[in-house]
Amino acid sequence: MTKTLITCDCMGTQSIDAEALSEATGFEVTPPCKALCTSQIERAAKGLTQGNVVLCCTQESRTFEALAEELEVEPAPLLDLRDRAGWSADPAPKLPKMSALAAEAMLPAAPEKTLDVISEGLCLILGAPEVALEAAEQLAPHLGVTVLLEGTQDLPDTRAYDVITGRLRKAQGALGQFKVTIDALRQVEPGGRGAFTLTEPRDGGVSQCDVILDLRREPPLFPAHEKREGYLRADPGRLQAVAAAVMAASHLVGTFEKPLYVRLESLLCAHSRAGQTGCTNCLDLCPTGAISPDGEHVTVDPMICAGCGACSSACPSGAISYDAPPVDLTMRRVQTLAKAFLDAGGHAPRLLVHDAHGAEMIRLSARHGDGLPADVVPLEIRAIGAFGHAETVAALAAGFASVTVLPGPGADLPALQAQVALSDAISGGGKVTLLETPDPDAMSAALYAEEAPAPVATPVRPMGTRRQITRQAAKALHPGAESLPLPEGAPYGAVLVDTDACTLCLSCVSLCPSGALGDNPDLPQLRFQEDACLQCGLCANVCPEDAITYEPRLLLTEEALEQRVVNEEEPFACVECGSLFGVKSTIDRITEKLQSHPMFDGDKLRMIQMCDDCRVNAQYHAKDNPFAAGERPRPRTTDDYLSKRRDH
């Protein structure tokens, strides 16, 4: 069934060509209302009753949700054409952008994967008595409160909440599963007259709680503490901040849904092999410490993960990928926006990638400023850090002339800068921008001032993994090019082998996590396939001769998909049977070094020049045969036993 778009020109403040929009999108588009949310709300009610409609207004979402509840029907999806397209100082036609936004909104949403988190309301309050005890008084009717004080002089007489004293050694966990360790722990003895007494102090007391309210003036307990769910921190000198934290804590009881932000494929991880460390990109970037080593791969604690997405963008193998929404849905959204814009007659669109904070900046700019230019297509994603180089070059290959990334206040700027630099190198420079501003007017001015570069002549929309999409997109952006130089640390490149130092021990082959390095079972050869190389560093770390270095680049020819020989030597022929084995230079070098050694006199030195079978045969027939075990003992019989009896 064809979707129906119910549009509104918002009291005549924007222009919508319903007929042209319908022709461009293939949807049924109603003539625009003047006031869909007020005087013409009956049109929304009729559409909700009929079903399969999209209401083109997000500002009054509460009104339409209440209307759907009143009519006892499912709420309709909402589409913002006004703030993102209609309200703009740009006189150029808005039809291509509106068509792109409508087409992208019709993509099926991926189901969200979540984990239930149960909080029973056990709250630990840290801080000075004058602040912590007041917060406890307010929270005691709602939560199970325990206050940790460092001194014993301000113990309250109330038993409405628990008070303990001691020093907090460490805390770990997240909402619903915090675990704290306390030294010099003393608890209240509730019996007796007069002031409460305390138990004897003991170190290493361990307790669990669901919420931690930190009202100290000391450093936070966790890295990126603002992203640690269940950990609330406020400056005790700011009463408003303390009140807000107390209010937030009072609501943290019940069952909550924790999104599972990333997906982990451990077999693809190139973190380490045989005790040698390789890739540490995700470990270096994770702001919350949710990622930790686990043998040869890494593991992700879903309770601590805040979903910033930086690990997904930086993972060279795809072992960690963003999953809320999945990477392939983000790729489809980008490609759908570009295709719909171009199919509607637009030329050289520009992509603006932003998060929820950026969406609010766009709304403010549209209402009070110049809005977005007609050729700037906004794409809102949950975690802007997950929009990495693969998504960026895919957007450029799909037809976007440029990509501007607008980070919000919580974004990891160093990680974004690295991805922008890599994207810029792959795209050829001048097409990818990181726009760092919290000012809606400054954002709008920068976009209006930008001169859009020429887009790709023939747009492509590749499919596959992030690495495959990057390579195909780069080939479309640079037709005829053979190789692109990349910045240091890029996940694409060549392995350079110093053939003079390499002994073809093949340690690198056995530890390569992606199979980029291989051997030849018939000849002493080291082979390399550049397309599979992750530049993880394992082969260079394990090489005993330090013969391996890297060249970051993106090879665009078919040679990248083929195995090529990077080092080979003449095999050695067994002096007994003539079978080829080992490397001639290595056998000659070992023979030369050991020929004067007393343990290798006579035929023993010659054994080094034999294959495995001949060497075993020669050792077996040698005078000092290591396999000889002496004469077998004679089996004992009944006569042997009877001969020792006294009665015989």
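Which residues in helix 12 are buried? They are His-389, Ala-390, Glu-391, Thr-392, Val-393, Ala-394, Ala-395, Leu-396, Ala-397 and Ala-398. The legends below describe this helix and other parts of a predicted model.

**View 1. Overall form of the predicted chain.** The secondary structure of the chain consists of 21 helices and 31 strands. With a radius of gyration of 35 Å, well over the 26 Å given by the globule rule for 648 residues, the chain is more spread out than a compact globule. The C-alpha trace spans about 120 × 90 × 50 Å along its principal axes. Among contacts with a separation of 6 or more, 64% join residues 24 or more positions apart.

**View 2. Surface and charge of the chain.** Buried residues make up 47% of the 648 residues. The accessible surface amounts to about 32400 Å², and carbon and sulfur atoms contribute 50% of that area. The side chains include 56 positive and 87 negative ones, and the centres of these two sets lie 5 Å apart.

**View 3. Helix 12 and the glycine that follows it.** Helix 12 comprises residues 389–398 and is mostly covered, with 10 of its 10 residues buried. The buried set includes His-389 and Glu-391 as well as Leu-396. Just after the helix, Gly-399 adopts a positive phi of about 130 degrees.

View 4. Ser-365 belongs to helix 11, which covers residues 356–368. Its relative accessibility is 0%, and because buried means under 20% relative accessible area, Ser-365 counts as buried. Beyond its neighbours within four places in sequence, Ser-365 is in contact with Asp-370, Gly-371, Pro-440, Met-443 and Ser-444.

View 5. The bond that links Ala-324 to Pro-325 is cis, and its omega is near 10 degrees. Pro-325 lies in the loop between strand 19 (320–322) and helix 10 (327–343).

**View 6. Leu-506, a loop residue with positive phi.** Although Leu-506 is not a glycine, its phi is positive, at about 65 degrees. The residue is placed in the loop that runs between strand 25 (493–497) and helix 16 (507–511). Leu-506 has a relative accessible area of 26% and is therefore partly exposed.

**View 7. Gln-535, a buried loop residue with positive phi.** Gln-535 is a residue other than glycine, and its phi has a positive value near 55 degrees. The loop that holds Gln-535 lies between strand 27 (523–528) and helix 17 (538–542). A relative accessible area of 16% places Gln-535 among the buried residues, since the cut-off for that class is under 20%.

View 8. Strand 1 (residues 4–6) runs parallel to strand 2, and 2 bridges join them. Within this pair, Leu-5 stands opposite Val-29 of strand 2. In general, the strands of a sheet pair through backbone hydrogen bonds, in either a parallel or an antiparallel manner.

Methods: Residues are numbered from 1 along each chain as its sequence is written. This is a predicted model: local features need pLDDT of at least 70, side-chain atom pairs count only at pLDDT 80 or more; totals for chains, interfaces and linings use all residues. Side-chain values use heavy atoms; hydrogens and water are left out. Helices (H or I, at least four residues) and strands (E, at least two) are DSSP runs, numbered from the N terminus. The radius of gyration is taken over C-alpha atoms; the globule rule is 2.2 Å times the number of residues to the power 0.38. Buried means under 20% relative accessible area, exposed over 50%, partly exposed in between (1.4 Å probe, protein chains only). Contact means heavy atoms within 4.5 Å. Accessible areas come from the Shrake-Rupley method with a 1.4 Å probe; for residues, only the protein chains shown count as cover. Lys and Arg count as positive and Asp and Glu as negative; His and the chain ends are not counted. The place of a charge is taken as NZ of Lys, CZ of Arg, CG of Asp or CD of Glu. Two strands pair if DSSP finds at least two bridges between them.
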